[in-house]
Amino acid sequence: MATAKKTCSLGRKIYWFAASFFGVIALLIILWGCTANDFHAGAIAWKTYRNSRYGFEFPYPSNWTSLAAPANDDGIAFISLQDNSVEIRGWASQQLPNSIVTDQESMKKIKPNFQTTQGVAGVMVVEVDQRVGSMTLTLTQSQVKYYWQGRSKSQEFPDYYRFFYYIAQQYRISKS
């Protein structure tokens with residue numbers, strides 16, 4: 001019995017070491033991406049996606065392909081022609097009246113940590129796991145929640161971090 005307990009304890013130690021090791025690696029990848037200086041927006045030919053239903057827009061590279069838009073016209077996704085695992089997407093949704101109080105309370109807990117060039121404050125979340133890295137921006141105005149997301153394979157995420165960040169900064173909501 002004592003041997004089984006030691007083996008389990010050793011297994012837990014190995015697991016926690018590996019988990020913390022990969023956590024540190026992921027953090028270093030993210031931090032490296034934050035300091036990467038090789039992205040130049042002027043070197044890309046841009047187009048602008050405009051959503052008439054919810055009144056938002058964001059730039060995307062002109063050589064990217066759009067995926068089929070949903071019938072309800074709540075947003076769109078674009079993929080890179082060079083690597084179809086790299087995508088950007090934007091969408092919006094009406095908040096239900098019963099969820100407004102709940103969402104406002106949860107937004108108080110998560111303070112805005114990002115601001116678009118338009119001056120709209122929102123919450124930016126960056127997540128990197130073993131397979132996928134993503135940057136997701138959430139903005140709330142009136143009774144509409146706006147979302148923008150960039151995704152790539154996790155090992156390529158540092159290469160796309162500045163690119164995604166730039167597009168998120170350019171996200172605009174039309175004044176109603």
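Two strands count as paired if DSSP finds at least two bridges between them, and strands here are DSSP runs (E, at least two residues), just as helices are DSSP runs (H or I, at least four), numbered from the N terminus. This is a predicted model, in which local features need pLDDT of at least 70 and side-chain atom pairs count only at pLDDT 80 or more, while totals for chains, interfaces and linings use all residues. Residues are numbered from 1 along each chain as its sequence is written, and side-chain values use heavy atoms, with hydrogens and water left out.

**The sheet of 3 strands**
- This open sheet has the order S1-S2-S10 with antiparallel pairing, and its edge strands, S1 (46-51) and S10 (172-173), each pair on one side only.
- S1 and S2 are joined in the antiparallel sense over 6 bridges, and arginine 50 stands opposite glutamate 57 in S2.
- Helix H3 packs on this sheet, touching S1, S2 and S10, where contact means heavy atoms within 4.5 Å.

**The sheet of 7 strands**
- A second open sheet, also with antiparallel pairing, runs in the order S3-S4-S5-S9-S8-S7-S6, and its edge strands are S3 (65-66) and S6 (114-115).
- S3 and S4 run antiparallel and are joined by 2 bridges, with threonine 65 opposite isoleucine 79 in S4.
- H3 packs on this sheet as well, touching S5, S6, S7 (121-128), S8 and S9.

**The nonpolar core**
- The largest nonpolar core has 29 residues, a core being a set of buried Ala, Val, Leu, Ile, Met, Phe, Trp, Tyr and Cys residues joined through side-chain atoms within 4.5 Å, with buried meaning under 20% relative accessible area (1.4 Å probe, protein chains only).
- The largest share of this core, 7 residues, comes from H3.

Definitions and conventions:
Buried < 20%, exposed > 50% of the residue type's maximum accessible area, 1.4 Å probe, protein only. Axes fitted to C-alpha atoms, helices over the stretch in contact; angles between N-to-C directions.
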